[in-house]
Amino acid sequence: MAIPRDFINELIARTDIVDLIDRKVPLKKAGKNYAACCPFHSEKSPSFTVSREKQFYHCFGCGAHGNAIDFVMEYERMDFLDAIGELAGQLGLDVPRDSGNRADESISRDLYQLMEDAGRYFQKQLRQHPEKQRVLDYLQKRGLSEEIVERFGIGYAPDGWDNLLNLYAQKPQLQEKLLTAGMLINNEQGRRYDRFRDRLMFPIRDRRGRVIAFGGRVLGDGTPKYLNSPETPIFHKGNELYGLYELRQQHRDPHRVLIVEGYMDVVALAQFGVDYAVASLGTSTTAEQFQLLLRSAKEVVCCYDGDNAGREAAWRALETALPMLKPGDTVRFMFLPQSEDPDSMVRKAGKEAFEQLIEAAQPLEAFLFDTLTERNGGDKASFAKQAMTLLERIQDSVLQNLLLENLTYRLRMGNVEEMKRRLGFQPKSIAQTQQQQTLKGRGTPLRLAIALLVQDPRLGVNLVPQPALQFLKMAGIELLVRLLDLTRNQTLNSAQLLEYYRDTEDYPILTKLAQWDHQVADDNVQQEFKTALVWLNNQYIEQRYQELSLKQNLTKEEKLQLTKLIAAMKRS
């Protein structure tokens, strides 16, 4: 839903982030900011700070940061729209919606309700259907207790083509919505029938606990073994993880998350006390799923079969994870013996032995370099080239350097800088544009100008236009030009300014700069900002001077401009 920008600005302006957070996490004054132990990871000494001036929070321990909207999303486990609604409700405001969005929201609300009703129907059949004993015997054979069945909301879809359909026989509008939700199917002859028949049903819940889809496991030898809901308006399988909601009900701040492949793996592990597993819904682990995992715990263990297919799946997961990692994140890889899966393994070995396997999981760097060594045999050049290609994708420079040092040691080269020079190392991660590379250089006038402006957007108000900057050929300058335009005619705080860039490629670097300690004294901020702008304008003067000096047959206007540039350079 598109929410007017003015409304979001007003919402942030009227919400005091200190008061908001203090109601959930008691804060103590610490200089001009406020501090507490971070609510998003375990710690003994406070590293979580909140700035009333910037309306921004940041944890120096786990890296959590953001404005009031981010805090509500993270702490209350809400999505963006729900967080907006929550903050608006606290202020007694109605979230503006256009008619089209209101209709979409109504449809989604009906789908959530229908999926919840379907879940209750399947649970009821597990206890009341004439065939229930066969299903209960199956659950007993798999060693699942009533408590676990109830915790995960497991149910039974009876055999037959129209059990769920008949519940809505007199409600054609709801049948249409069940089709949209993927619970019914229309065949080519126009006949409708139930998608799930004679299957053990696993409801898939979103982060708020709403049923959004189902996975159905066949009870006999039929195919497919697992049948999943299709993509729907409320279910995008690449964005969800089975069992994540249930995990968070058991652990508010889990140290570790184990990612496995199947629903039954998650449930069986929980039965044996390994209640921190989630499943990737039958797909390769996506970037969105990895973001969920890394936000849920600082350690992610990826569990795969030990065969070639399992190792290939693990390699794809590694490639997906690399651009998202930051210092403090831990990703390890666990491989089970062939013909075993987590379900069979935990039942055979028990919790203690299974968790010993988790503890012995291979660190990411070991899996990365060992796999490349195996793939390239003794070809050191090919090994180095492939390793560099992967490491160039890492966005965080600290983690990148740690892995580069590991690679330097393995290649027996003198030092990291020598290796980078010899192998032509050029960072180019998926989200790390050339602009962001430039901005990573600490202390550059461009970086400083952007940081100062983000931390105090009032610097841009009524600032004299800087037309030369839009012609300056420097990576990252476009961002500064846009920020200057944005702040020139309106008064914003840091939280409001950053909100303009949510879901853009510039957002990560801007949030980092919002927290950067530039070590400029408060009294000198305005002067340092102007000095940085002067330096950038001088860079354009030199750039244009070089262009005109090298050009032959200058026009009359260009000759005049060259004369003015020379005079300006003499004055500077």
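Q: What is the volume of the largest cavity in this predicted model?
A: The model is predicted: local features require pLDDT of at least 70 and side-chain atom pairs pLDDT 80 or more, while totals for chains, interfaces and linings use all residues. Residues are numbered from 1 along each chain as its sequence is written, and side-chain values use heavy atoms, without hydrogens and water. On a 1 Å grid over the protein atoms alone, a cavity is a set of points where a 1.4 Å probe fits but cannot get out; grid points are joined across faces, edges and corners, and a volume is the space filled by probe spheres set on the points. For the largest cavity this volume is about 60 Å³.

Q: Which element gives the largest share of the lining of the largest cavity?
A: Lining residues have an atom within 4 Å of a point, and here they include R151, F152, E246 and Y276. Helices (H or I, at least four residues) and strands (E, at least two) are DSSP runs, numbered from the N terminus. Two or more residues of this lining come from each of α10 (244-250) and α11 (263-271). The largest share, 3 residues, belongs to α10.

Q: How many residues of the lining of the second largest cavity are nonpolar?
A: The second largest cavity, of about 50 Å³, is lined by Y121, F122, A157, P158, N163, L164, M183, D194 and F196. Ala, Val, Leu, Ile, Met, Phe, Trp, Tyr, Cys and Pro count as nonpolar, Asp, Glu, Lys and Arg as charged, and the others, Gly among them, as polar. The lining holds 1 polar and 1 charged residue, and its nonpolar residues number 7.

Q: Why do the buried residues of α18 line one face of the helix?
A: Buried means under 20% relative accessible area, exposed over 50%, and partly exposed in between (1.4 Å probe, protein chains only). In α18 (residues 416-423), V416, M419 and K420 are buried. The directions from the helix axis to the C-beta atoms define the arc; the buried residues of α18 line one face because they fall within an arc of 100 degrees.

Q: Which residues are exposed on the other side of α18?
A: The cover over the buried residues of α18 includes α16 (380-391) and α17 (397-411). On the other side, the exposed residues are E417, R421 and R422.

Q: How far apart are the end C-alpha atoms of α21?
A: Helix α21 (residues 477-488) is largely enclosed by the rest of the structure, because 9 of its 12 residues are buried. The expected span is 1.5 Å times one less than the number of residues. For α21 this gives 16 Å, which agrees with the separation of its end C-alpha atoms, 16 Å.

Q: What percentage of the residues in the protein chain is buried?
A: The chain contains 25 helices and 16 strands, and its C-alpha trace spans about 95 × 65 × 55 Å along its principal axes. Of its 572 residues, the buried share is 50%.

Terms used: Contact means heavy atoms within 4.5 Å. On a 1 Å grid over the protein atoms alone, a cavity is a set of points where a 1.4 Å probe fits but cannot get out, and a pocket is an open set with protein on both sides within 12 Å along at least five of seven lines; lining residues have an atom within 4 Å of a point.
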